[in-house]
Amino acid sequence: MLELYPDGVDGLFDGAVQDAAVLPAVKTGGGVATVRWYQGDGSRDLKVHAVSVADMAEEQGKLDELRQLAEDGVVTLRVADSYSPADAGRAHERLEAGGTRGRLVIDFTR
């Protein structure tokens with residue numbers, strides 16, 4: 001990412017639980033949203049926002065806004081592959097093997 005944005009990005013959502021490993025990609029004074037209550041390392045005046053999935057599950061307005069941002073292409077989602085529920089075992093095997101960039105999705109409409 002630093003090849004594309006040498007000064008770092010304004011903000012980053014760490015859904016992969018990389019914690020301190022993602023901090024260098026964010027410019028000084030930028031924001032990082034994390035899951036599982038990671039609070040940052042206190043460096044470079046980064047604004048760290050710990051997000052609890054359980055807390056957000058009831059925030060329908062915020063979830064709808066996020067959905068709209070994704071549909072409008074403002075927020076892009078990285079999906080590595082999609083599996084039917086019958087193939088969920090294959091998805092888990094691939095996840096355990098490591099090296100996957102993006103999320104593996106179980107699509108219940110398939």
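Visitor: Which residue's backbone nitrogen does the side chain of Asp14 reach at 2.9 Å?
Guide: This is a predicted model: local features need pLDDT of at least 70, side-chain atom pairs count only at pLDDT 80 or more, and totals for chains, interfaces and linings use all residues. Residues are numbered from 1 along each chain as its sequence is written, and side-chain values use heavy atoms, leaving out hydrogens and water. A polar contact is a pair of N or O atoms within 3.5 Å; within protein, one must be able to donate a hydrogen and the other to accept it, and residues adjacent in sequence count only if both atoms are side-chain atoms. At 2.9 Å, the side chain of Asp14 reaches the backbone nitrogen of Gln18.

Visitor: At what distance does the Asp14 side chain reach the backbone nitrogen of Asp19?
Guide: Asp14 sits in strand β1, residues 9–14. Its side chain reaches the backbone nitrogen of Asp19 at 2.7 Å.

Visitor: Is Asp14 buried or exposed?
Guide: Buried means under 20% relative accessible area, exposed over 50%, and partly exposed in between (1.4 Å probe, protein chains only). Asp14 touches Asp19, Val22, Ala33, Thr34 and Val35, leaving aside residues up to four places away in sequence. Touching, or contact, means heavy atoms within 4.5 Å. Asp14 is buried.

Visitor: How far from Asp14 is the nearest side chain of opposite charge?
Guide: A salt bridge is a side-chain nitrogen of Lys or Arg within 4 Å of a carboxyl oxygen of Asp or Glu. Asp14 has none. Lys and Arg count as positive, Asp and Glu as negative; His and the chain ends are not counted. The nearest opposite charge is on Arg103, at 6.8 Å.

Visitor: Which strand holds Val79?
Guide: Strands (E, at least two residues) and helices (H or I, at least four) are DSSP runs, numbered from the N terminus. The protein has three helices and five strands. Val79 lies in residues 79–83, which form strand β4.

Visitor: What is the relative accessible area of Val79?
Guide: Val79 touches Arg103 and Val105, not counting residues up to four places away in sequence. Val79 is partly exposed, at 46%.
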